[in-house]
Amino acid sequence: MTTNARMEKIRNIGIIAHIDAGKTTTTERILFFTGKLYKIGTVDEGTAVMDWMVQEQERGITITSAATACQWNDKNINIIDTPGHVDFTVEVERSLKVLDGAVIVLCAVGGVQPQSETVWRQADKYNVPRVAFINKMDRTGANFFKVVEDMHTRLGANPLPVQIPIGAEGNYQGMVDLIDMKARIYKGEDQKDGFEITDIPADMKKLASQYRHDLIEKLGEVDETVMDKYVHEKGLYPKEVREVIRRATIAGKIIPVLCGASAKNKGIQPLLDAITDYLPSPLDIPPVKGIDPETDAEVIRRPSEEDKFCGLVFKIKSDPFVGKLAYARVYSGELKAGDTILNSSKGKEERIGKILRMHANKQEIIEKAMAGDIVALVGLKETSTGHTICDLESQVILESMHFPEPVISMAIEPKTKADQEKLGMSMHKLAEEDPTFKVTYDKETGQTIISGMGELHLEIIVDRMLREFNVAANVDKPQVAYKETITRQTRAVGKFIQQSGGRGQYGHVVMDVAPAQKGAGILFESKIIGGAIPREYIPSVEEGVIDAAQNGCLAGYPVTDIDVKLVDGSFHEVDSSDIAFQMAASIALNDALRNGGSVLLEPIMKLEVTTPENYMGEVIGDLSSRRVKIEAIDDRPGIKAIRGVAPLSEMFGYATTLRSLTQGRASYTMEPSFYQEVPKNIAEKIVELSGRQNTKKEK
């Protein structure tokens, strides 16, 4: 088989969705219908193959993205099932980076929910073509057409229904295929062929022909050949319609929409047909671009076995049997077990021990991986998430991944001396797996601080330490990851001069420090001209600024969103050194923070609470007391969805309060959105508390 013929048959796809929309259930059904599973597992019973971690089975949620491979017709489908919970959003981010297409699962009752919007934005960021599957059509309150409208208004998408449902809720029977204009009626839930293809029911013919007309009209807007035939009233064959839908989907102009009820085995085969018919193969997407680490010139790698090998490691997993597993997408060339390759991100050579094809947590050893494949590699010691691996002779660095900063932290300490060493090792392995989990050591208190994306995230980490690594540890209450910034521009001078017989130290810098845009972090630029400070000392000045920004002047929180310009300074022929300029920069930045009107910033979360209408008053009253700013209240069948922004510090323990206010009937989702200045009265309390803690440490 030629390279092109082999790659045309590959589909690398992700299943993405809001929590509880039915991603894992849909993936389990796909595996069953493609013959990969003989018995269907369920999330509710904790028997889903893709949710193989103990914590996933206990909680009924997906925590890590699991990879698997299956076949449908003559196509090979590599699937990554991703988590829906916002605390594990990094799993979605890194999966979308390496996938060619995605299936977004939406709930027919809940419609477009907050996390649906988040994963949609992530897919937009990486230009991932997608199809939408509206699941749970058999549930009370299911409304296919409302969800399609939601996709248009809330996601700014161009949804194109290629099916419409026959019935809904308890009367959901199947769907009308708007391309073939036939009905698919399901007879039962258990058989793979428990359906029949029939003529469209008489009472649906008018609606079906209206939607078929809309389908052709929408395709005409994005494709000239269809427009031409439409204007001249020529017919379109189903095969032609599918080809046009494929082109428009890959170009990101439309989103084909299907419907079904995964838990009842309805709609899975047409979804598999849509994945193979409409989503791209590795040949349909643009070649991957990178840079040559030696010349900084742009390098293009084509999806071909003849091109030089290059791939991106998108996930690291600790495996009890083989050690470290590195999940990688191969973009070009081929890779064999035993090959020596280059980790171009670190400039280190690595040797491939084994190449594995993954099925959740089961492994199949294969001889080689080729362009378009997603595999797990054994033997990579220096490689971590986001690193490029490539041919030794033909170097390239692909664009890495950017991960959100943690918003919550807690202190952790081992229960016994024996746990001390195991704690360090387990945290190192977990931090290697998860780029949003950070570990720092507070020298003043002697405490180890772990930081993550939310309470659930840290809870799972601590649970994994206990179960996987047998580490018993005590943890403090979660703390908010506050930050500090300045509010006005200031000029700061830093001098570090020491004379002590023999060679001294001399560093002198002048900096303009100003507030930067939200989310900018720390910007540094040298404006030195005429050699007031030699060029070799500039990196030391930057290092001193970054180092000093770790602790602000108000309560010792990290400093962010500042623009530092090095404008002047002086040096000494003999006494100047890297360390002297580092210290001078540190002194100058501390001076700027004191004079620049420093303020505290707190993480603000995007919040959505869904509650039965009769509890609305209590829920809104409680939210108001938590400094929540309500932005909108949406009507959904039988419930109200309250959307707003909330300070993270006010939301600890909210799950318990919400349950007691609504007798357990309401739910909420929350995700980090931005940092904002803390109100003055609250900032004073935080600074005062921080001062008291520092006094205790000194005693």
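1. Strands E12 and E13 run antiparallel and are joined by four bridges. In this pairing, Lys289 stands opposite Ile300 in E13. The model is a predicted one, and the points below should be read with that in mind.

2. E12 and E13 belong to an open sheet of three strands, ordered E13-E12-E24 with antiparallel pairing. The edges are taken by E13 and strand E24 (397-398); each has a single partner strand, so one side of each has no neighbour in the sheet.

3. The loop between strand E12 (288-291) and strand E13 (298-301) contains Asp296. Its backbone deserves a look: phi of Asp296 is near 65 degrees, which is a positive value in a residue other than glycine. Is Asp296 buried or exposed? With a relative accessible area of 57%, Asp296 is exposed, because the cut-off for that class is over 50%.

4. Asp561 is not a glycine, yet has a positive phi of about 55 degrees. The residue sits in the loop between helix H13 (538-548) and strand E34 (562-570). Asp561 has a relative accessible area of 9% and is therefore buried, the limit for buried being under 20%.

5. Thr662 is another loop residue, placed between helix H16 (654-661) and strand E38 (667-677). Its relative accessibility is 0%, so Thr662 counts as buried.

6. On cysteines, the count of disulfides in the structure is zero. Cys310 is in no disulfide, and the nearest cysteine sulfur, belonging to Cys390, is 7.1 Å away. That separation can be read against the cut-off for a disulfide, which is a pair of cysteine sulfur atoms within 2.5 Å. Cys310 has 0% relative accessibility and so counts as buried. Cys553, in turn, is partly exposed, with a relative accessible area of 35%.

How values were computed. Residues are numbered from 1 along each chain as its sequence is written. This is a predicted model: local features need pLDDT of at least 70, side-chain atom pairs count only at pLDDT 80 or more; totals for chains, interfaces and linings use all residues. Side-chain values use heavy atoms; hydrogens and water are left out. Helices (H or I, at least four residues) and strands (E, at least two) are DSSP runs, numbered from the N terminus. Buried means under 20% relative accessible area, exposed over 50%, partly exposed in between (1.4 Å probe, protein chains only). Two strands pair if DSSP finds at least two bridges between them.
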